[in-house]
Amino acid sequence: MTAAPATILRQHLIDPEICIRCNTCEETCPVDAISHDSRNYVIDAAKCKLCYNCISPCPTGAIDSWRNMPADRAYPIAEQLLWDSLPGQIALDQGGTAGAGTEVGAGNTAGETPEDVAQIAAASTAGQGGTAPPPWSAAHPYVNLYGIHQPAVATVSGNFRLTAEDASSDIRHIVLDFGNASFPVLEGQTIGILPPGLDANGKPHHVRLYSVASPREGERPKYNNLSLTVKRVTEDHEGKAAHGIGSNYLCDLKKGDKVNVVGPYGTSFLMPNHPGSHLLMICTGTGSAPMRAMTERRRRKFSSGESLGKQMLFFGARSSGELPYFGPLTKLPKEFIDINFGFSRVPGEPKRYVQDLLRERGEDVARLLKDENTYVYICGLKGMEKGVEEAFTALCQANGLDWNGLRPQMLQQGRYHVETY
Amino acid sequence: MSIDYSQKIPNNVHLNDNKTLQRALEHWQPEFINWWKDMGPDGSQNFDVYLRTAVSVDPSGWAHFDYVKMPDYRWGIFLNPAEADRKVNFGAHKGEAAWQEVPGEYRSNLRRLIVTQGDTEPASVEQQRHLGLTCPSLYDMRNLFQVNVEEGRHLWAMVYLLHAYFGRDGREEAEALLERRSGDADNPRILGAFNERTPDWLSFFMFTYFTDRDGKYQLCSLAESGFDPLARTCKFMLTEEAHHMFVGESGVGRVIQRTCDVMNQLKTDDVAKIRAAGVIDLPTIQRYLNFHFSVTMDLFGADVSSNAATFYTTGLKGRYEETKQTDDHLLNDASYGVLEVDDGKLVTIQAPYLNAINEKLRDDYVVDAKAGIERWNKIIQKAGIPFTLSAPHKAFNRKIGPLSAARISPTGQVVSEGEWTHQHLHWLPSAEDRAFVASLMGRVAEPGKFANWIAPPARGINNQPVDFAYVRFN
């Protein structure tokens, strides 16, 4: 997953109703961002570096107050000095500039989900109408083990280009090793990366979220590592030139580099573990990361001779050279996984998208959908959602199923999971 | 600057490297524990209390929360990190390097300052030792115990200075700190306010608001000291002191909140009806406020004081925010306004600034104390009740300094002895007021339950819910 330009500022404020004016925060602040008059203690958003030094010394908790604001509308000091109480959170869609992207405002300790990570989760699952429960047989996920105050430090143990040298996109497989730090993840969970340095406003960069591409026991089994699938962002959704801070940072990492990692996050987009459960996976581009994790988990079990349910994968890309993990995927045994590739930019061939593939395989897809042990996972660009939904409606109709009735039922049972960006 | 907890005495001052000092303090430690068991919180030594302990003195490490039995609390010695090339910032030695050892000629004055500050710490523990028996909630009980253990920690801070820098005299003073008793006729604590009783929780909240705030101002001025170990000690103590004022401000605020709620439910401002409903009427709260404010005014010392001038000139004790003052930090030719009774009126006369250092600190304190009273008034305003709390005049009910000779009303009018006798029960809590407040005190010790006379807090401690089991009985 990649990041859009920053628009939301997680503004650090002091609750005047709770503050007792003990001056501890002002004393503690290393950059003199905090000041006071005879009425209120206030924080200058332009100076605050979000170092959190002031948080734990505050005896009241008044200092631990935050509002998400469009960056150009942060509350100025003069206004804060007049407050008797904190203003409520403004509705960000009325803020004009605060479209929900995959951008995360920082600011939490271990044990709590940063408000903006929750915001992204909400945005990415909006296609299914909010987060769904996980499959009943999913393993229990650990979440929020590392917050922005105390991130885990991982070491890069590998960084490989997945796409062909002549492909237009640079997608990379990056392996992070956690050494002695405990960082347990499940397939389908995401982690946050803290790019170093400061943004144009002199603030630390926001957190970037990436899906884990390796199974729970590690990219290399029994090693304390995990992998990510990262596409170098060089243009925005409209095709205009844009330099993705998080993705370029990650793609340029060298073996041995240290990376600050927060999370893990995600309690819903998880795989079932019971025997006979089927996976129906639909993805595009780097949306393949969680599918790769789940498939790899099952492949290792398959290799050890364990009996498994069916795996069916629909994977869209511009061409085979742009498709991450194309080579390894094609080598998987047919009896293990039913793979369907769709390429939209192969010269001389008609464009084929994942929804076209779904329609073509309608009968087989419908057979899976009829089975209560089937779990559907959709991950990729937001644009794919509509086409996939339409394909499901059509193929259900053709095979005696009612998608409008089935979909909510699957959602409720934790069998339908959408994560798009 | 992490704290070495593997030592018998947790510390960040490399105690291990100074065996003589370490042995002296290890000798004092069991005496402290004995004092704590005798004079610390009554009947609560076996409770598991959800307390904050410093695990390092940097901002991320000093607020570590866990259950602990109070006698097992890791009292220790924590100094703020040293500031490189720190200078003496005021007085005759201004501009010289800050002292890392006690200058011989200031030894007795410095010792006196440290002993006076240190004496207040165990004193307040003694004053508050019975309050756990009448706590209005587990949340409040925990806050009380947090205040108590941190006062104990502050005693350690001062005792460390006495042991480390004052030799045998210092060790004797450290022992005497454990021998004096609050309110004891034969061997009382040094300062008057610390020999008063803290008989009920309203008094406790008022004490932590007003009197601990005096502590804040004293520590702030000692944190400016040219004697660097004292400055660093006091800087770290200030971070802990903030919690005490929080307990006071939010405590009184919650009492006011509850009273306003009941007044609105009953639609009355009739004191008798309000008291019958089991909450504390606002005029009584005002009288408690007057009492604690005025008692605390005396803690700043005489209005004109040659001792204060000496402490300042010799670089031992500065002003509040000394380095933020824009004058010459010598004050030889400056003057400052102090109050005097002249011809039946209070008038301000100009005194040499150096002699008025106490008054300057008192004035700084008053500004801060009044700001909190205004926040209490907002609670009352929000409830739509036409009543305003106010700080009495700083000359009201003084027992120290020239103003103690006069009778002065809360609004600053000089009144006759006759009028004082007639009026003072409207100004200060009467025996009847105290008896009424005492009648409300009864222990509430179920998680999430609060006594009828106080509202629950807006937030729990360390982001825990309000109904968290802040104290576990064993």
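This is a predicted model: local features need pLDDT of at least 70, side-chain atom pairs count only at pLDDT 80 or more; totals for chains, interfaces and linings use all residues.
In strand β8 of chain A, the residue opposite A:I193 is A:R208.

What does A:I193 face in β10(A)? The residue opposite A:I193 there is A:V261. β7(A) therefore has to be described with two partners, by the definition of pairing as at least two bridges. With β8, residues 208-211 of chain A, β7(A) forms four bridges, and the pairing is antiparallel. With β10, residues 258-265 of chain A, there are also four bridges, and these two strands run antiparallel.

Is β7(A) mostly covered or mostly open? Mostly covered: the strand spans residues 190-194, and five of its five residues are buried.

One more item on β10. A:P264 sits in that strand of chain A. The peptide bond between A:G263 and A:P264 is cis, with an omega of about -10°.

In what order do its five strands lie? The order is β13-β12-β11-β14-β15, the sheet is open, and the pairing is parallel. At the edges are β13, residues 338-343, and β15, residues 416-420, and each of these pairs on one side only. From one strand to the next, the twist averages 10°.

Take the β12 and β13 pair as an example. β12 of chain A covers residues 311-317, and six bridges connect it in parallel to β13(A). Within that pair, A:A317 has A:F343 of β13(A) opposite.

Helix α8, residues 362-370 of chain A, lies across β11, β12 and β14, and its direction makes an angle of about 130° with β11(A). Helix α9, residues 384-398 of chain A, lies across β11, β14 and β15, at about 155° to β15(A).

For chain A as a whole, the tally is 10 helices and 15 strands. The chain has 421 residues, and 43% of them count as buried. Among its contacts with a separation of 6 or more, 75% are between residues 24 or more positions apart.

How are α2(B) and α3(B) arranged relative to each other? Helix α2 runs over residues 107-127 and helix α3 over residues 138-165 of chain B; their packing angle is about 155° and their axes are 8 Å apart. Angles over 145 degrees count as roughly antiparallel. The two helices, α2(B) and α3(B), are therefore roughly antiparallel. The crossing of α2(B) past α3(B) is left-handed. On the α2(B) side the contact includes B:I114, B:Q117 and B:G118, and on the α3(B) side it includes B:L155, B:M158 and B:L162. By type, the contact residues are eight nonpolar, six polar and two charged.

Two residues of chain B have a positive phi without being glycine. B:L331 has a phi of about 65°, and it is in the loop between α9 and β3 of chain B. B:N397 has a phi of about 55°, and it is in the loop between α10 and β5 of chain B. Are these residues buried or exposed? The cut-off for buried is 20 or more other C-beta atoms within 10 Å. B:L331 has 23 such neighbours, so it counts as buried. B:N397 has 23 as well, so it also counts as buried.

Last, the place where the chains meet. How many residues of chain B are in contact with chain A? There are 17 of them, and they touch 16 residues of chain A. On the chain B side, the elements giving two or more residues are α6, residues 228-266, and α10, residues 357-382. The largest share, six residues, is from α6(B). Sorted by type, the chain B side has nine nonpolar, four polar and four charged residues.

Key: Residues are numbered from 1 along each chain as its sequence is written. Chains are lettered from A and ligands numbered from 1 in the order in which they are written. Axes are lines fitted to C-alpha atoms, for helices over the stretch in contact, and angles run from 0 to 180 degrees between N-to-C directions. Two residues are in contact if their C-beta atoms, placed from the backbone, lie within 7 Å. Ala, Val, Leu, Ile, Met, Phe, Trp, Tyr, Cys and Pro count as nonpolar, Asp, Glu, Lys and Arg as charged, and the others, Gly among them, as polar. A residue is buried if 20 or more other C-beta atoms lie within 10 Å of its own, exposed if 12 or fewer, and partly exposed in between; C-beta atoms are placed from the backbone. Angles under 35 degrees count as roughly parallel, over 145 as roughly antiparallel, 65 to 115 as roughly perpendicular and the rest as oblique. A crossing is left-handed if the near helix is turned anticlockwise from the far one by less than a right angle, and right-handed if clockwise.
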